[in-house]
Amino acid sequence: MTATQTSAVDATVAASRVKDAVNLSHIATVARDVRETVGEVRVRTPRMRCTAVNVYYGDKQAIKNVSVDVGQNEVLAMIGPSGCGKTTFLRCLNRMNDTIAGCRVTGEIVMDGEDINARRIDVVPLRARVSMVFQKPNPFPKSIWENVAFGPRIHGLAQDKTELEEIVVNSLKRAGLWDEVKDRLGDPGTGLSGGQQQRLCIARSIAVQPEVILMDEPCSALDPISTARIEELIDELREHYSICIVTHSMQQAARVSQRTAYFHLGDLIEVGDTKQIFTRPRHQLTEDYITGRFG
Ligand SMILES: Nc1ncnc2c1ncn2[C@@H]1O[C@H](COP(=O)(O)OP(=O)(O)OP(=O)(O)O)[C@@H](O)[C@H]1O
Ligand SMILES: [Mg+2]
């Protein structure tokens with residue numbers, strides 16, 4: 001077996017142990033009808049601090065009074081049943097909800113001492129600082145090179161051609177894709193495999209020198225080997241960035257994140273250290289979800 005396959009098997013074994021630990025010995029103490037967030041909402045070194053965030057689609061409230069920090073050099077996993085508001089909340093962090101007619105966001109999301117929802121904030125540089133990787137890899141219909149060079153060029157991040165080249169090569173290296181594409185940089189990005197396309201999209205988001213990377217189910221369309229590769233990458237990227245990842249795989253959340261946030265019908269039910277959430281959840285709704293009784 002390759003190292004990647006071995007780590008995938010190890011992770012599956014580790015995840016089943018996590019499940020056993022919950023099943024065997026734990027009883028959550030906070031009742032199902034409690035909706036105040038349980039756990040450590042704040043961290044010592046926040047990169048983004050969200051306070052009392054609400055999101056409405058027309059009259060319907062999709063996110064209810066959510067407060068949570070995204071820590072420096074941390075992977076924060078967001079989990080919860082379909083429709084609970086994970087994507088909606090993620091999109092708040094770089095104001096992607098602005099693009100949806102009828103969507104209204106209230107509350108405060110502070111980054112570097114400024115509320116990102118303030119009128120004076122320009123969303124174009126904001127979305128470079130807080131970049132997004134989507135569920136389905138979506139390379140531009142351009143060459144591999146152009147996919148990565150496009151962002152730095154429009155954001156004016158390179159003084160000249162040499163500097164741009166440096167950014168492109170470094171981003172592809174950091175995304176773990178360089179060796180596979182270095183001899184075909186002029187080929188279309190859409191011609192790569194799904195896993196390679198997703199790493200190309202990660203290279204594209206790194207190229208604009210973000211501080212936070214948002215990932216919405218980035219591995220849901222990938223095979224286990226490509227998934228393991230992306231997970232290794234997420235762990236490496238944490239050295240330089242803060243990462244928020246939405247995932248339906250509890251094994252993935254357990255493998256890649258340091259903190260986990262559990263959402264339920266628009267409420268943030270519980271947040272805390274990932275190991276604690278998966279072995280000793282405090283809220284009954286969290287326990288129901290991670291033991292498979294709900295969702
Ligand atoms: N553009 C929209 N217009 C109206 N309602 C929306 C829109 N997008 C999402 N919603 C609603 O907001 C709620 C939260 O949706 P969201 O997509 O954030 O959930 P999710 O947790 O990401 O679900 P999934 O796991 O299925 O991706 C749902 O009830 C959904 O129907
Ligand atoms: Mg979603």
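Two strands pair if DSSP finds at least two bridges between them. Helices (H or I, at least four residues) and strands (E, at least two) are DSSP runs, numbered from the N terminus. This is a predicted model: local features need pLDDT of at least 70, side-chain atom pairs count only at pLDDT 80 or more, and totals for chains, interfaces and linings use all residues. Residues are numbered from 1 along each chain as its sequence is written, while chains are lettered from A and ligands numbered from 1 in the order in which they are written.

**Stop 1: strand β4**

Select residues 75–79, strand β4. Color by burial (buried: 20 or more other C-beta atoms within 10 Å of the residue's own; exposed: 12 or fewer; partly exposed: in between; C-beta atoms placed from the backbone). Five of the five residues are buried, so β4 is largely enclosed by the rest of the structure. V75, A77 and I79 cover one face, and L76 and M78 the other.

Now show the partners. Strand β10 (residues 259–264) runs parallel to β4, with four bridges between them. Find I79: Y262 in β10 stands opposite. β9 also pairs with β4 in the parallel sense, again over four bridges. There, A77 faces I245.

**Stop 2**

Move to β9, residues 242–246. Five bridges join β9 to β8, and the two run parallel.

Are its faces covered or open? V212, L214 and D216 are buried on one side, I213 and M215 on the other, and both faces are covered. On to β7 (residues 130–133), which pairs with β8 in the parallel sense over four bridges. V133 has M215 as its bridge partner in β8.

**Stop 3: the core**

Return to C244. Select its contacts (C-beta atoms, placed from the backbone, within 7 Å). Beyond residues up to four places away in sequence, C244 touches V70, L76, M78, L90, L93, V212 and L214. Which of its 73 residues touch the most other members? M78 and C244 do. Helix α7 (residues 194–207) gives the most to this core, with six residues.

**Stop 4: helix α4**

Select residues 144–154, helix α4. I144, N147, V148, A149, G151 and P152 are buried. The buried residues of α4 pack against α3 (123–129), α5 (161–174), α6 (178–181) and α7.

**Stop 5: the open sheet**

Four strands form an open sheet in the order β3-β2-β5-β6, with antiparallel pairing. β3 (60–71) and β6 (114–115) each have a single partner strand, so one side of each has no neighbour in the sheet. Zoom in on β5 (residues 103–111), which pairs with β6 over two bridges. Here V110 stands opposite D115.

**Stop 6: ligand 1**

Finish at ligand 1. Show the residues near it (C-beta atom, placed from the backbone, within 6 Å). The residues around ligand 1 include Y57, A62, K86, T87, T88 and I100. Helix α2 (residues 86–92) supplies the largest share of this shell, three residues.

Definitions and conventions:
Core = buried A, V, L, I, M, F, W, Y, C linked by C-beta atoms within 7 Å. Contact = placed C-beta atoms within 7 Å.
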